[in-house]
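This report goes through one structure part by part. Please keep the sequence and the model in view while reading.

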Amino acid sequence: MSYPAECTPADGASTLSFENELYEQRREKLKQIEALGYAAYPNSFAFTHSVAKIHAEHGESTSEALAESKPPVLASGRLQAIRRQGKAGFCDLVQAGQRIQVYVRKEAVGDNAFELYKLLDLGDSLGVTGYIFRTRTGELSIHAESLTFLAKALLPMPEKWHGLQEVEARYRQRYLDLLSNAESRNIFIVRSRVIQALRTALDREDFIEVETPMMQPMPGGALARPFVTHHNALDLTLYLRIAPELYLKRLIVGGLDRVYEISRVFRNEGLSTRHNPEYTMLEFYQAYADYRDLMNLTERLIPEAARASIGGTIVQWGETQIDLAKWTRYSLREAICVFWPEESSRPKFADFNDPRHTALVVERWNQMNPGASPVSMPIVEGNASLGGAVAVPLGNSVLHLFEAVCEKHLTQPTIIYDFPVEVSPLAKNKPDEPAYVERFEAYIGGMEILNAYSELNDPEEQRKRFQMQAEAKERGDQETHPIDEDYIRALSYGMPPTAGEGIGIDRLVMLLTGSRSIRDVILFPLLRPEAAPEAAPEDGAGSGE
RNA sequence: GAGCCGGUAGCUCAGUUGGCAGAGCAUCUGACUUUUAAUCAGAGGGUCGCGGGUUCGAGUCCCGCCCGGCUCACCA
């Protein structure tokens, strides 16, 4: 193995020192186990029964029936508890989250295996050959007839009763979290089932799964700052994708009428309980459909994923219960009126079509919420920069107002539809109201879970939208959509009417598992590196920051 | 980026007014052939996140830094 020079671990710089007394004791035991004739790191153990299978087959069997048939099994797992009692003893074997007790009796396993038993530590892997029985207290157990040593835990496991509690350790050493906290293990099983359920549903609806570039010469499909990398052979700057959207729609142009992709996107932005720099999106596109079709599909898809992953649609979210099968729909402007907290100043729907009226509503809101950061004012003649704050296009202002007024109220599943065109550069205009587009987002638990729209397929309108983005960039907007000529070319060959949707899988899993932090549903969330290098590695060339 | 909270034995956590560094589990030694958070008797184990300062004396008080959590801001 070789490292690029800049990645070579500096001499001993990040050596974690874990070789303490307990480690040495266990190394010594491993030597003794070898001396007994057991391989220290054997290659395999062919068990006949998973622990789950033992419980499935014999969970109902009586002591008498088992004493008669003595069903033979080969089982394996990791030692979670050891209770020694002189010339016999018990231990608990855990495999795939399931536990089975093993009874080890000196005269049943022989002297050599009993010596091995005495050298075992919590965390060791063990194979057991024996038969199923029930103990005096009725617990289903394996009566061991021989033991096979499988692997040593040289480092001690977390405490058996409380598990691993320290949040930082749970993220950095997820394997320990998974071993000692059943809830954590369950979260990732739910996560897998959610993804599986979404795949199954989309496959059934004749979508095909595709893979599009993660490294893109131009980052598009969303408004976010990208990670930058470089391809040496082509001497080419590449960006980790912030969304697969524009590639998936090229496939729609190519006649793959229903496509989806489940994979990581990367956004070079802040971390929070709802944001990780890399996260998982499901995006799907359906030709000859519009956003109404996707609203209906979404309201079927989410409950289906819930039933498949947690067996129902009701989830506990903090103090409240959420039913993922019960949906409400509001247009964005309607939602502002509905959730406006004060009767006397409640705005009217039509106010948001006129920047002067909207300005009055925003002003009122900002007066009502002096502590909060103010919602930006829409551009009205002559106020382009009033009082230091920069005025923004009407649509941006309306969106900001929606977020300030409504977002925290959107706990139960809610579809918010019809977004301002200024903030939706890839969505199709409403036929009767060109300042708004056929776009919706779904909010659950106060979080934006998904975003969907009727796709803009007019290449000339698309070019105008990109140009609007370029102007926003001129004004200093950091996160704008670049002009993607190749995408406009693809649209120019003709894209059928199409609707597309992106679902944030991580946030969906948060809801389904009651997790309040996105880090609890990502196996290895981004953290600052642990071992702070004593001496900074020799840093010749300037770093690219 | 700001505020608040946290970092003490392998793990979970106490630590009083500044006065010898503690418990449970785990580990080690011994006893124990149906226990199950096994039990009983004994023992070992600490860079109190890191670096300064105040003090006769600092886990504790002060300053700086590192790592993490939460809230807010930024961002969408």
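## Contacts with the RNA

A polar contact is a pair of N or O atoms within 3.5 Å. In this predicted model, a polar side-chain atom of Glu139 lies 2.5 Å from a base nitrogen of RNA strand B. In the side chain of Arg172, an N or O atom is 3.2 Å from a sugar or linking oxygen of RNA strand B. In Arg519, a polar side-chain atom lies 3.1 Å from a phosphate oxygen of RNA strand B.

Several elements give two or more residues to the surface near RNA strand B: helix 1 (21–35), strand 1 (72–85), strand 2 (88–95), strand 3 (98–105) and helix 6 (167–172).

## The surface around the strand

How many residues surround RNA strand B? There are 46, and the closest are Gln25, Lys29, Thr137, Glu168 and Glu479. Of the atoms of RNA strand B that come within 4 Å of the protein, 63% belong to sugar and phosphate.

The surface near RNA strand B can also be sorted by residue type. It holds 20 charged, 14 nonpolar and 12 polar residues.

## The chain as a whole

Chain A has 545 residues, and 46% of them count as buried. Its secondary structure consists of 16 helices and 21 strands.

The domain assignment gives domain 1 (12–157) and domain 2 (161–327 + 479–528). The centres of domain 1 and domain 2, taken over C-alpha atoms, are 40 Å apart. Contacts can be sorted by how far apart the partners are in sequence. Among contacts in chain A between residues at least 6 apart, 66% join residues at least 24 apart.

## Cysteines

How many disulfides does a search of the whole structure find? The number is zero. A disulfide is a covalent bond between the sulfur atoms of two cysteines, and the pair counts as one here if the sulfur atoms are within 2.5 Å.

Cys406 shows how this works out. Its closest cysteine sulfur is in Cys337, at 8.8 Å, which is too far for a bond. Cys406 counts as buried because its relative accessibility is 0%. Cys91 also has 0% relative accessibility, so Cys91 counts as buried.

## A buried glutamate

Is Glu441 buried or exposed? Its relative accessible area is 5%, so Glu441 is buried. Glu441 is part of strand 19 (residues 433–444).

The side chain of Glu441 makes a polar contact of 2.9 Å with the side chain of Arg439. Leaving aside neighbours within four places in sequence, Glu441 is in contact with Thr414, Ile415, Ile416, Phe419, Glu448, Leu450 and Asn451.

## Two residues with positive phi

Ala96 is not a glycine, yet it has a positive phi of about 50°. Ala96 sits in the loop between strand 2 and strand 3. With a relative accessible area of 57%, Ala96 is exposed.

Asp418 is not a glycine either, and its phi is positive at about 70°. Asp418 belongs to strand 17 (residues 414–420). Asp418 is buried, because its relative accessible area is 5%.

Definitions and conventions:
Residues numbered from 1 in each chain as written. Chains lettered and ligands numbered in written order. Predicted model: local features only at pLDDT ≥ 70, side-chain atom pairs only at ≥ 80, totals over all residues. Heavy atoms only, no water. Buried < 20%, exposed > 50% of the residue type's maximum accessible area, 1.4 Å probe, protein only. Near = heavy atom within 4 Å. Polar contact = N/O pair within 3.5 Å; in protein donor to acceptor, adjacent residues only side chain to side chain. Helix = DSSP H or I, 4+ residues; strand = E, 2+ residues; numbered from the N terminus. Nonpolar A, V, L, I, M, F, W, Y, C, P; charged D, E, K, R; others polar. Domains from an automatic or database assignment. Contact = heavy atoms within 4.5 Å.
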